[in-house]
Amino acid sequence: KKKAGEGCSLSDSSWEERLANAVTPLWRLPYQEQLQVKYESQRKILQTLASRLEELGIDGQKPGGLCCPLQPVVPSPIINGYRNKSTFSVNRGPDGNPKTVGLYVGTGKARNIVCVKANHMENIPPKHKQVAQCYEEFICRSPLDSCILFHEGGHWRELVVRTTSRGHTMAIVTFHPQELGQDALATQKALLKEFFTCGPGSTCALTSLYFQESTMTRCSHEQSPYQLLHGQPHIFEELLGLKFRISPDAFFQVNTAGAEVLYQAVGELCQAAGDTVLLDICCGTGTIGLSLAHQVSKVIGVEVVEKAIEDAKWNADFNGITNCEFHSGKAEAVLPQLLASWEDARPLVAVVNPSRAGLHYRVVRAIRNCRAIRRLFYISCKPEGEAMRNFLELCCPPDPRKKLTGEPFTPVLAIPFDMFPHTVHCELVLLFTR
């Protein structure tokens with residue numbers, strides 16, 4: 001039997017194996033074979049796009065039935081323990097312990113969820129596993145129950161761990177307050193802080209410990225503020241020679257070493273002359289724009305998470321980058337206004353890096369209708385999902401009924417980057433021109 005991380009031998013019937021197969025289904029394959037599997041899946045996505053374009057009356061077929069040339073999958077510089085962010089759930093484990101901290105096997109729909117410890121998972125670094133183990137020890141000592149179903153009560157919920165190559169560790173504990181008053185909440189926060197600063201959890205050497213009271217599945221800082229219980233408000237990472245500040249809920253590529261390779265490639269493909277303006281849509285903490293700022297005359301970043309924009313502005317100032325401006329708000333609200341009045345004669349290159357939900361139609365429409373944008377990079381972690389809709393909206397013939405008046409884009413190159421070894425996922429960079 002192959003061993004899956006930290007010397008834990010997995011038997012076919014074990015819960016550990018079931019979890020590894022669910023979260024990292026390629027873990028048994030040698031890495032080169034993993035890359036080949038991913039190449040084939042990306043090839044099928046480009047074949048699908050070519051077929052969909054033909055249905056729209058566009059000759060999308062290239063050699064191999066693809067919509068554009070597909071380069072080999074760019075490997076990740078780090079294969080094991082590459083994740084800089086992990087989210088652990090709290091639920092019943094295989095032994096019935098309702099305070100197990102781990103990852104899910106099963107689905108809520110099938111009502112067969114089991115929470116399995118992630119100590120054997122190859123994509124999660126040892127530090128994340130250590131913090132998860134300590135959090136489980138803490139909540140097992142607590143008289144308060146875990147919150148498995150909101151309406152059934154309980155309090156202790158998920159744990160997010162973020163780490164950086166500089167040795168920083170941030171832990172974020174989510175807590176359902178239910179009917180607890182402020183005094184009772186203050187007591188729980190004090191106990192949590194004491195455990196991780198003076199108690200057994202001090203071995204984790206946390207840089208930051210955050211607490212969030214949340215009555216929803218996912219909660220932004222604006223909806224319910226992240227409360228700093230201990231340490232520094234931010235952790236810091238270095239990327240391509242720049243220093244980046246990271247807030248609790250700010251987006252940062254989950255594979256830092258892989259992100260460096262990805263951003264370098266985008267920089268080379270930009271073909272940015274000195275007068276180029278770079279539009280960085282869904283910019284997070286500004287990593288792409290700031291890493292390419294030295295190549296262009298100006299960077300304009302747009303991001304919905306307000307704290308991430310604060311980070312981006314800090315990052316620009318700290319790194320002495322003066323040709324960037326960042327806008328906070330939903331891209332579908334900010335971008336149409338920004339581009340409708342665009343009269344700058346400089347060439348405009350756009351980079352979009354949306355969530356799995358893809359871009360809002362109003363964002364696509366604003367890009368299509370802005371004549372200055374001739375090159376567009378679409379970075380997608382799930383190109384077969386909602387991103388496919390965006391690809392078709394970018395490439396379809398003009399449609400006055402949908403207010404799509406700008407000339408269509410054409411996909412000209414696809415490069416997959418393996419940001420997620422052992423999983424089936426890839427980060428696909430599609431270059432569109434017109």
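1. Lys189 and Glu213 join their side chains in a salt bridge, 3.7 Å from N to O. A salt bridge here is a side-chain nitrogen of Lys or Arg within 4 Å of a carboxyl oxygen of Asp or Glu. Lys189 sits in helix 4 (residues 182-197) and Glu213 in strand 6 (residues 208-213), so the pair ties together parts 24 residues apart in sequence. Both Lys189 and Glu213 are buried (under 20% relative accessible area; exposed is over 50%, partly exposed in between; 1.4 Å probe, protein chains only).

2. This is a predicted model: local features need pLDDT of at least 70, side-chain atom pairs count only at pLDDT 80 or more, and totals for chains, interfaces and linings use all residues. Residues are numbered from 1 along each chain as its sequence is written, and side-chain values use heavy atoms, with hydrogens and water left out.

3. The whole structure holds 16 salt bridges. One of them pairs Asp418 with Lys38, with the closest N and O atoms 2.6 Å apart. Asp418 is in the loop between strand 15 and strand 16, Lys38 in helix 2 (residues 31-55), 380 residues apart. Both are buried.

4. Arg141 and Glu137 also form a salt bridge, at 3.0 Å from N to O. Both lie in helix 3 (residues 126-141), 4 residues apart. Arg141 is exposed, at 55% relative accessible area. Glu137 is partly exposed, at 32%.

5. Strand 14 (residues 373-380) and strand 16 (residues 427-433) pair antiparallel over 6 bridges. Ile379 has Val429 of strand 16 as its bridge partner. Pairing takes at least two DSSP bridges between two strands. Helices (H or I, at least four residues) and strands (E, at least two) are DSSP runs, numbered from the N terminus.
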